[in-house]
Amino acid sequence: MAVNLVNVEAVSKVYGTRTLLDGISLGVSEGDRIGVVGRNGDGKTTLIRMIAKLEEPDSGRVTQNSGLRMGVLTQHDSLDPAATVRHEIIGDMADHEWAGNAKIRDVLTGLFGGLDLPGFGQGLDTVIGPLSGGERRRIALAQLLIADQDLLILDEPTNHLDVEGISWLAKHLQERRSALVCVTHDRWFLDQVCTRMWDVQRGDVHEYEGGYSDYVFARAERDRIAATEESKRQNLMRKELAWLRRGAPARTSKPRYRIEAANELIADVPPPRDTSELMKFANARLGKTVFDLEDVTVQAGPKTLLEHLTWHLGPGDRVGLVGVNGAGKTSLLRALAEAARTQGEVQPAKGKVIVGRTVKLAYLSQEVGELDPSLRVLEAVQRVRDRVDLGKGREMTAGQLCEQFGFTKEKQWTPVGDLSGGERRRLQILRLLMDEPNVLFLDEPTNDLDIETLTQLEDLLDGWPGSMIVISHDRFFVERTTDTVMALLGDASLRMLPRGLDEYLERRRKMIEAAAPAPAPASAGAKTSASGDSRAAKKELQKIERQLNKLSDRESGLHAQIAENSTDYDKVAKLDAELRELLSDRDDLEMRWLELAEEA
C-alpha cells in the first residue's frame, strides 16, 4: 500500500471577501503524479503553497509525513544574486564528482543544452545577478531536479522552456520515482506526466483519474449528466474532447478513458474547423496575395538569421512556427509586420516582401501593451469597436466577447490597472480580434493564460477566417489551431515539417548528434583496435552508471535508516561504517568512469 505523504484536512482560505478554498480535503501518496488545473485566480497556486507549508490555511490543517524530502518550484526563486550558477546547482562538489553523476549530466544537458551551459557567457561560473527571469528559473529547476526528493511541487515548470526543453522535462519526470504535484497550462505536458488531475473551481477541488485527455472526457460527461445551465462550458469541453479523439493518434501515452463512451458523447459534434468554408471566406476577404517573400534575408544587428528565403503565405493558411531560441522566429514576424505597416516601403536587409493590398494585420507580441489604467475593461474594448463580425453570419458585441474571454459582467467594470498579468493578456487578444483583422500574428499567445481561456481562444480561432502565423512552445495549442508546421532549425533556412512537432524534435536530435565533436583520427593500423576499445569503454561506462545509480539509492536508504535509529548508538555505528565503505566504493567507480569517458 502506498505511503501517504501529505494530508489536507478541511482546509479553507479567504482573501478579502473571496473564498478561494472552502473545506478542501485531499491527499498525496507515494507514486502520485497530480496535475492541477483551473482558471487563473481560482486558487491553484494557493493550494500547492499550503501543501508545501509555504502558506497557512485560515482553518483546517495540512500534515506532512515525518522526514518528508520535498522540493518546491515557486513563481519566484530564492537564488543568491551574488552567487554563481555552479554554486547554486552543484554546490561544493568537485568536478570529477558531479561529472561522474549521470543525473547531474542529464539535467544540465536537458535544461541548458550542454555541460558547459552554452547559453551562459561564463558557463557554470556565470554570476546569477544579471541573468533574465527565464534563465534564473531554469537554474532553480535544475537545482531542484538534481536533489533526491520524495515529493516535487512545481508551479508552471514549463514557463521559459522551449519545445525541446519541455519534451526533456516530461521524460525526466516520467522516469523519477518521486511523487509530483504540478500546476501548468501545458496540456500536452499534463498528458505525458500526470496520472491524476485536480480541477480547482469556485472554492472546491474535483478529482479525476488519468491525464488531461481523461480529465476532458470525465468533465464533459459530468457536465452532461448534471445538465447544468453552463451550455457554453459544456460545448467547449465536448469540442475539445472531439479534437482529442479525432486528432493525431497517441496524443496521450496512457488513454484509459472509455473510448466507446467518449465517441458517443461527441457523435453530434462537428469537426473543429470547416476548412473549405473558411478558405472560401478567406479568399473573399484577402484575394490571392497575403505575403510573398522572394530571396529574403532577415538580420538582427550583425547576425544573419535567415537568408535566401522564398515563401508564400496564402489566404486561409494557418502556420505554426517553431524553432530554437534565437533562430529568428520573432524577427521574421517583425519584418513581415513592418512591410505590412508601410505597405512594402520598408524591406528586409535583402530580397523583397510583397504584401497584399487588402491585408489588415493584427500582431500579438510577447509584450503586453500599455493601456490607460483608469479605463474599465469594457471601455478598453469598445474604444476599438462595439461589435465584431466573426464570419458566416456570426456577430458579437464587445460585452459578449468579453464574457467569452472570462470577463463577467461585474469584471467588465474593473479598471485595467487592477487586472492581473493573465487578464491583461486576455484583454490584449480581445482588442486585436475586435479590430476585425484578416491576418493574425500570434507570438507566444498562451503566456499567462489558463486552460479554460485557452480552450475559449481556440474555439474562437476555429471559426476565424483569415491567415495566421503562431509562435508557441505550447504543442497542444500549435496542433489545435494550425494546419501546417514550419521550422527554423538555426541554419538560416525555413522548412515545412509534414509530421509536425514530432519531426521537429527528431531533426533537432540529429543536428545535435551531428554537431558533437568527432573523435581524434586514428592511424590506419590502429583504427580497428581503437574502435573496439571505444565500444568496450562505452559498454563499461554504462555498467558503471548502473552501479552508481544503485549505490546512490543504497546511500539514500542508509541515511534514512540512520535518521530512524538516531537513539540506537550501536546500530548507528554499524550503519555509518557501511555508509563509509559505500562512499569509498563510489569514489573508485567515479574515478574509473572519468578515465573511461576520455577513452570513449
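Biologist: Which residues are buried in H15?

Modeller: Residues are numbered from 1 along each chain as its sequence is written, and side-chain values use heavy atoms, with hydrogens and water left out. In H15, 11 of the 14 residues are buried, meaning under 20% relative accessible area, while exposed means over 50% and partly exposed lies in between (1.4 Å probe, protein chains only). The buried residues of H15 are Gly-422, Glu-423, Arg-425, Arg-426, Leu-427, Gln-428, Ile-429, Leu-430, Leu-432, Leu-433 and Met-434.

Biologist: What is the relative accessibility of Gly-417?

Modeller: Gly-417 lies in the loop between helix H14 (398–404) and H15. Contact means heavy atoms within 4.5 Å, and Gly-417 touches Pro-373 and Arg-424, not counting residues up to four places away in sequence. Gly-417 counts as partly exposed because its relative accessibility is 32%.

Biologist: How many of the 13 residues of H6 are buried?

Modeller: Helix H6 (residues 163–175) reaches 19 Å from its first C-alpha to its last, close to the expected 18 Å. Among its buried residues are Ile-166, Trp-168 and Leu-169. H6 is largely enclosed by the rest of the structure because the number of buried residues is 10.

Biologist: Which residues of E12 point the other way from Arg-318, Gly-320 and Val-322?

Modeller: In a regular strand the side chains alternate between the two faces of the sheet. Six of the six residues of strand E12 (residues 318–323) are buried, so E12 is largely enclosed by the rest of the structure. Arg-318, Gly-320 and Val-322 point one way, and pointing the other way are Val-319, Leu-321 and Gly-323.

Biologist: Which residue in E19 is the bridge partner of Leu-321?

Modeller: Two strands pair if DSSP finds at least two bridges between them. E12 runs parallel to strand E18 (residues 467–471), joined by four bridges, and Gly-320 stands opposite Val-470 there. E12 also pairs in the parallel sense with strand E19 (residues 484–488), over five bridges. In E19, the partner of Leu-321 is Met-486.

Biologist: With which side chain does the side chain of His-312 make a polar contact?

Modeller: His-312 is found in strand E11 (residues 303–313) and counts as partly exposed, at 42% relative accessibility. Leaving aside neighbours within four places in sequence, His-312 is in contact with residues including Lys-288 and Phe-291. A polar contact is a pair of N or O atoms within 3.5 Å; within protein, one must be able to donate a hydrogen and the other to accept it, and residues adjacent in sequence count only if both atoms are side-chain atoms. At 2.3 Å, the partner of the His-312 side chain is that of Asp-292.

Biologist: Which side chain makes a polar contact with the side chain of Ser-213?

Modeller: Ser-213 is found in helix H8 (residues 212–226). Ser-213 counts as buried because its relative accessibility is 1%. The polar contact, at 2.5 Å, is with the side chain of Asp-191.

Biologist: What separates Gly-210 and Arg-196 in space, C-alpha to C-alpha?

Modeller: Gly-210 is found in the loop between strand E9 (204–209) and H8. At 0% relative accessibility, Gly-210 counts as buried. Gly-210 and Arg-196 are 14 residues apart in sequence, and their C-alpha atoms are separated by 4.8 Å.

Biologist: How many contacts beyond four places in sequence does the model have for residues 519–530?

Modeller: The mean pLDDT of the chain is 82, and 80% of its residues reach 70 or more. Over residues 248–257 the pLDDT is below 50, and this stretch has 26 contacts beyond near neighbours in sequence. Where pLDDT is low, the predicted coordinates should not be read in detail. Over residues 519–530 the pLDDT also stays under 50, and the number of such contacts is two.

Biologist: What percentage of the 600 residues of the chain count as buried?

Modeller: The secondary structure of the chain comes to 20 helices and 20 strands. Residues 24 or more positions apart account for 69% of the contacts with a separation of 6 or more. Of the 600 residues, the share that counts as buried is 50%.

Key: Helix = DSSP H or I, 4+ residues; strand = E, 2+ residues; numbered from the N terminus. Expected span 1.5 Å × (residues − 1). pLDDT = per-residue confidence, 0-100.
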